[in-house]
Amino acid sequence: MPELPSYVALESESTLALDSTPGMGVQALQSRLPASGLFSRKGGLGLTFWICLGWVVFMILLAVLASVLPIKAPNFQDYSAVNVGPTARHLLGTDDLGRDLLSRVIFGSRVSLVIGFAPILAGLVIGGAAGLLAGYRSGPADTVLNAVSFVLLAFPALLAIMVIETFWKPVSLFKLTVMFTFVAAPLLFRVIRATTLSFSSREFVVAARATGAKTSRLLLRELLPNIVPAAVSFALIGVAIAIVLEGSLAFLGLSIGLPTSSLGNIINDGVNSNNLTLNPFIALWPSLYIFLLLTALNLMADRLRSYFDLREVTL
Amino acid sequence: MLRFTATRLVQLVVICFLISVFAFLLVHLLPGDPTLAILGPNDTPAARAVLLHQLGLNKGLLAQYGTWIVNIFHGNLGASFLTKQTVTNALSVAVPIDLELIVVSQVLALLVAIPMALIAALRPNRAFDRVATTSTFAMLSLPTFVAGPLLVLVFAVTLKWVPATGFNRLSQGLGPNLKSVILPSVALAIGSITVYYRLLRADLIATLQEDFVTMARSKGLSTRYILLRHVMRPSSFSLLAGAGISIGTLFTGAFVVEVLFQLPGIGFQLVQAIYGRDYLVVQGMALVAAVAFVVVNFGVDYLLTVLDPRVRRA
C-alpha cells in the first residue's frame, strides 16, 4: 500500500467518520453533488443542458432514420430546381446540381456523427480501462502506458491521419474510426488516469482495501463511480474535437470520398467554383449544423464540469 | 534544471526518431510494389535508379532506413517525380507563408484577447464579461472550415474588401501582401482568441483577489496601473500555456485556411501532393511538418517551465 502523504492523513482525522466506510464509492460521489438529484429543477443540471441533450439526440435520430424519413435521396438531381433557395418542395433549397440540401446535410451528418462518437466510445473503453489500472497501480505498466500516450499525443493528429490514409488506401469509415481511436484513446487515458490517481489514496478507498476488498471491487465499485463525471464531460469535448477533425479532413477532400456526402465536403462544394457567390446556402446549412452540434456538445460538457465541480483538466 | 533540460531533450530526440520511423514505414503501407505506385506513369529506368538510390529498396529494412535517414540529414528529402521539384525547394517556398500566417494570426488574437480579458476580469459577471464570455464560447464552436467560408462570404464576396483567394509575396509590397493574408489570419485567430481569452480571464480574476492587489489598492494606485504592472505579469503564464494548447488547432486550421484561400504553404502543397499521389513529397513534407510541430510544442513547454518553476514541481 502506498504511503499516504501527510496532508491526507491530517484531513482524514476530521473526515474519518464520514468518508471511511468501505463501499463509499457511490456515496463519495453523491457527497460532491448538490443535495437535489440530477433531474430536479433547482440545483439540477439545468434546462440548457437538457435542451442541448435533446438537440443532440434529435440530430442522431435524424441521421439514423435518414433513409426512412420523407426526404429526397441525397444524390437525386432535380433539374427543375437548380441552385434555388428554401422553398416548400426543397425546405433548405438545392445545390448547383439540383440536389436537395436538407437531405444532403442529414445524410452527410452520418459520417460526422459516426466519426464523432464511435472512436470516442472505443477510446473510453480502451483508454478508460488502461487509465483506471495505471492510475490505481503505479508501476512499470503505468510508466510504459504513460510514455506511449505521450508519444501518441505528440503527433499532430490531422497530419498523421491525412498522410497515413494517402498510403493506406482506400479510405473507409472503419479505417477512419481506427485512426481516430488512436487519437482519442491516449487523451482519455490521461484524463482517467489523472482522475483515478486523485481518488486512489482517498480514505474510502484505503478503508475498503483495509477490509480486504478485491481489486475488482475497488476499481468498479469504489473508483469507477467517481471517475465517470470527468470521463463523460471530457468525452463530450472529445466528440466535438473528433467532429472538427473529420470536418477538416472532409473539407480538404480527404475523408470519405464522393459521392457520399459529408458535412465537410458539402461546405467544400459550397466554396468551390463561384458557388459562394451564386448560392451561399450550400455552405451555410452544413456550417450551421456543425455550429449548433458543437455548441450543444460544448455547453453540455461545460455544464457537467461545473455541476460536478471538476477543475479544467490539464494534460 | 540541467537534469530537467537533459530529460526533455532526450524525450524530444526519441519522439523525432519515432516520427522518422513512422514516416519511413509509410511507403511500405502501399499495396504491392511501392516503386510502381510511386513512379506511376513516370516509370523510366533513370527515374527508377534515382528512386532506388533514395529509398534503397533492394536492401533489408534496417539498411533501407539507414539509406533514407542519411539522405535526409544531407538535406535530400526526395523530389517529386511529377514536377521534378525537390521537397527542400518546395519547403523553402512554403515555410515563410506558414510563418507569416501564424505570426499575423497570433498577434491579432492577442490584440483582441488581452484587452477583452482585462475588461472582463475587472468586473466579472457584469454586462461586458457576459457578452465576451458568451461570444468566445460561440467561437469555440466555429471550426476554421466553418469560419473561413463565412468570412469569405462577408468580406470578399459581399463587401469585396479583400480578394477571396491568392497570395501576394512580401516582395510585391506590404499592402498587397497584408491584403492577401488578413482574412486567412482572422480565420485562424478565431480559435486562438477563445483559448487566450478564457485562460487569461480566469487567471486575472484569481490574481485580482490576492493580498498584494488589495495592498496596491490601499496605496491608492490607479486600477490601470495595478492591472498592467501588478496583475498582468503573474497572470500571463497561462497565455503561454494557451499558446502551447493552440498549436495543434493552429496546425489543423492552417491546412484548411491554405486550401480555402489557395495560399501555397505547407498544408496546401501537402494536399496537392496527396491529390497527385506524389508519395515521396507527401512523405518528406509530413516528416518536416511533424518534426516542426513537435519541436515547437516542446519549445513552448520548456519555456513555460523555465519561466514558471511551479510547473516543474507539478
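Helix axes here are lines fitted to C-alpha atoms over the stretch in contact, and angles run from 0 to 180 degrees between N-to-C directions. The model is predicted.

**A helix pair in chain B**

Two helices of chain B pack against each other: α6 (residues 127–140) and α8 (residues 174–208). Their axes lie 9 Å apart, at an angle of about 135 degrees. That angle makes α6(B) oblique to α8(B), because an angle over 145 would be needed to count as roughly antiparallel. The crossing of α6(B) past α8(B) is left-handed.

Which residues of α6(B) and α8(B) meet? The table sets them out by helix.

| Helix | Residues in the contact |
|---|---|
| α6(B) | B:Ala132, B:Thr136, B:Met139, B:Leu140 |
| α8(B) | B:Ile190, B:Ile193, B:Thr194, B:Tyr197, B:Arg198 |

By type, the residues of this contact are 6 nonpolar, 2 polar and 1 charged.

**Where the chains touch**

Chain A puts 32 residues in contact with 34 residues of chain B. On the chain A side, the elements giving two or more residues are α5 (140–154), α6 (157–167), α9 (215–251), α10 (263–271), α11 (275–278) and α12 (281–307). The largest share comes from α12(A), with 7 residues. This side of chain A has 23 nonpolar residues, 9 polar and no charged.

**One residue of chain A**

A:Phe150 sits in helix α5 of chain A. A:Val68 is 82 residues away from A:Phe150 along the chain, and their C-alpha atoms are separated by 44 Å.

Technical notes
Residues numbered from 1 in each chain as written. Chains lettered and ligands numbered in written order. Predicted model: local features only at pLDDT ≥ 70, side-chain atom pairs only at ≥ 80, totals over all residues. Helix = DSSP H or I, 4+ residues; strand = E, 2+ residues; numbered from the N terminus. Parallel < 35°, antiparallel > 145°, perpendicular 65-115°, else oblique. Left-handed = near helix turned anticlockwise from the far one by under 90°. Contact = placed C-beta atoms within 7 Å. Nonpolar A, V, L, I, M, F, W, Y, C, P; charged D, E, K, R; others polar.
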